[in-house]
Amino acid sequence: MKEVTSGDVLSLCKRRGYIYPAYEIYGGIAGLYDYGPLGTVLKENIVALWRRIYALQEGFVEIDGDNIGPEAVFKASGHVDSFADLSVTCKACGESYRADHLVQGLHPNPDSLSAAELQRLLRENDVRCPCNGELADVEEFNLMFKTRIGPGGGRIGYLRPETAQSIFVNYPNLYRYCREKLPFGCIQVGRGFRNEISPRQGVIRLREFNMMEAELFVDPEDKTWPRYEGIKGKQVRLVPNVTGEEVETTYGEAVEKGTIGNQTLAYFMWVTFDFLTSVGIDPVRLRFRQHLSTEMAHYAADCWDAEVLLSLGWTEVVGIADRGCWDLSRHMEHSKADLTAFKRYDEPQDVVRDAIRPKFGALGPRFKGAAGDIKKQLEGMDASAVHDGKVTVKVDGQDLELDGEYFEVVQVQEKETGVRVVPHVIEPSHGLDRILYACLEHAYGEKEDGYLTLGLKPLVAPIKVGVFPLMAKDGMEVVAQALDLALREEGIATYYDDSGSIGRRYARMDEAGTPWCVTVDYDTLEQGDVTIRDRDTAEQVRVSADDVVAFVKERLKRKLSP
RNA sequence: GCGGGCGUAGUGUAGCUGGUUAUCACUUGAGCUUGCCAAGCUCAUAACACGGGUUCAAAUCCCGUCGCCCGCACCA
């Protein structure tokens, strides 16, 4: 077998209709690619398996949110601020730096400065490049695509940089839909957009990309997981951030030692492993690496990347992050909506507390119309609000002190049936394009003589069966066409081909990644059996033509697990 | 964004010290042939990234733009 390069794979992709550079006749645009006929189906098949796992096996619900969102959403999510890079380039040596890094020590909080402020600070202090070259102007670059919603000025909007926000902003709807119980999960398959500075490496870094994201809302105090028992003994390859060394261990051991933060995280790492290997990623070239605290995204508390070894090096394909309460808290602050979950106690608890009770007889005559509002304020307070026998309320925007004439502190007995908590979010986020590419590269096999086979897993292969008459004559083509129709009627994608030599047709299917080829020959006309050729071994078995559908279906089956 | 390399049919390439109709192979299509692994024969389709300049003449030289690859920086 020859060493594979990404160029080989992309060349095959284009030749066979998997991936095309976008807008090619106009010269192309970096970071934009189109999926061709086979690529589209491969992508759909990968998504279908993913849905099967998350929706059917794990019980997540699915939504389909908008690609465009108003500015407020991304202010709250942190993307407007955190996705902006302020950079500055040395005029002499061409080196570029993050502007805020260069003024470290000159300002208590460089991160908070605007481009103009940074510019001034750099100039005033005559900051120079380490090579002593002069620095060019500070440039601002936000990784989000900005647009305007509506005519005229309109509202500022952005193309979403991740699909996740559509789920977070729908939290109240989803919480209700899921019968107000934790944990519950929601998935979404869709596009995200990031205006990358330099998209490279084919479909690995795109400006418009496909994501499959799952957001699991859990009780912050209970990150155990029922099906964890079934997977804790399984092997896993980890690169923890404390050592940076690759270790082979089990999920159970990693959770016990605290390497992996909790059971839920561990469980979904296993789900990720199961998914990735099922779509054809080589388990030997797959590992989980924990983010260093410095590379963690602004929203993440802990993050493990599933990394796949490609010709381009170890490449992240899935990020499994514990986002904590970051997103929901931020959206609560910005939107004022209630994004909590109500945790019911097993037994209602009797709670005794000191409450403030308004004295209506005094409040009414004195404050007239404002009395109702004062009552509300007092009832919302706790006895701890009382200082020196007085409490402060607001009347017409003015602070006003009330003494014991207007209220009393009394002990009340209340029943508490539960508490409100902001759920934590565990997020397995999948880069669909990268996964698809990894499938192709791991499936790519080239012999010394240049013979290409794409060993895609049958489950994801765009074409399942090539159907050929040995030769297009003597009625063999009629039988083959009938068999082809029978397969398609059962939902099995086929490719009928009666041109040229049989070997050439096998070769064509091998390169397209088709797992089986069925050939109708002279014996078929007499005995009714056909040959089924296996792509990976080139071996043939004779099977009755009537059993071909069952043969294929049996091999496309997949059980729910674990 | 900076530095270096590069851009010729669907793919991989030759030509690039300027000069007929741009080389070769594979692929693709049609036909003959073909009794199971890219067989053979005939024919056909198909390319100088884009724009400008120099010149009698540009794939070739110059400039610009776009794109690709590598390194740096940045990032998921």
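# Reading burial, contacts and the RNA surface

Q: Is Arg535 buried or exposed?
A: Arg535 is buried, because its relative accessible area is 5%. Buried means under 20% relative accessible area, exposed means over 50%, and partly exposed is in between (1.4 Å probe, protein chains only).

Q: What sort of model is this, and how are its parts numbered?
A: It is a predicted model, where local features need pLDDT of at least 70, side-chain atom pairs count only at pLDDT 80 or more, and totals for chains, interfaces and linings use all residues. Residues are numbered from 1 along each chain as its sequence is written, chains are lettered from A and ligands numbered from 1 in the order in which they are written, and side-chain values use heavy atoms, with hydrogens and water left out.

Q: Where is Arg535 found, and what does Arg535 touch?
A: Start with the element. Helices (H or I, at least four residues) and strands (E, at least two) are DSSP runs, numbered from the N terminus. Arg535 is in the loop between β27 and β28 (540-544). Next, contact means heavy atoms within 4.5 Å. Leaving out residues up to four places away in sequence, Arg535 touches Thr453, Leu454, Gly455, Leu456, Asp510, Gly513, Thr514 and Pro515.

Q: How do I read Val409?
A: Val409 is partly exposed, with a relative accessible area of 43%. Its place is in strand β20 (residues 407-421). Val409 touches Asp354, Ala355, Ala383 and Val386, not counting residues up to four places away in sequence. Sequence distance is another matter: Val409 and Pro358 are 51 residues apart in sequence and 8.8 Å apart in space, C-alpha to C-alpha.

Q: Which residues touch the most other members of the largest nonpolar core?
A: In soluble globular proteins, nonpolar side chains tend to be buried together. A nonpolar core is a set of buried Ala, Val, Leu, Ile, Met, Phe, Trp, Tyr and Cys residues joined through side-chain atoms within 4.5 Å. The largest one here has 76 residues, and Ile46, Ile260, Phe275, Ile435 and Leu440 touch the most other members. Helix α10 (residues 263-278) gives the largest share, nine residues. Domain 1 (6-71 + 148-327 + 425-433) and domain 4 (463-556) both give residues to this core, so it lies between them. Apart from it lies another core, of 18 residues, among them Val467, Val518, Val530 and Val552.

Q: What does Ile435 touch?
A: Beyond residues up to four places away in sequence, Ile435 touches Ile46, Met212, Phe275, Leu276, Val279, Ile281, Val317, Val318 and His430.

Q: How are the domains of chain A laid out?
A: Domain bounds come from an automatic or database domain assignment. Besides domains 1 and 4, chain A has domain 2 (84-142) and domain 3 (349-419). The C-alpha centres of domain 1 and domain 4 lie 37 Å apart. Their contact takes six residues from domain 1 and five residues from domain 4.

Q: How many residues surround RNA strand B, and which are closest?
A: A residue is near a strand if one of its heavy atoms lies within 4 Å of it. Here 40 residues surround RNA strand B, and the closest are Glu196, Arg205, Glu316, Tyr506 and Gln540. Sugar and phosphate account for 45% of the atoms of RNA strand B that come within 4 Å of the protein.

Q: Which element gives the most to that surface?
A: α16 does, with seven residues. By class, the surface has 11 nonpolar, 13 polar and 16 charged residues. Ala, Val, Leu, Ile, Met, Phe, Trp, Tyr, Cys and Pro count as nonpolar, Asp, Glu, Lys and Arg as charged, and the others, Gly among them, as polar.
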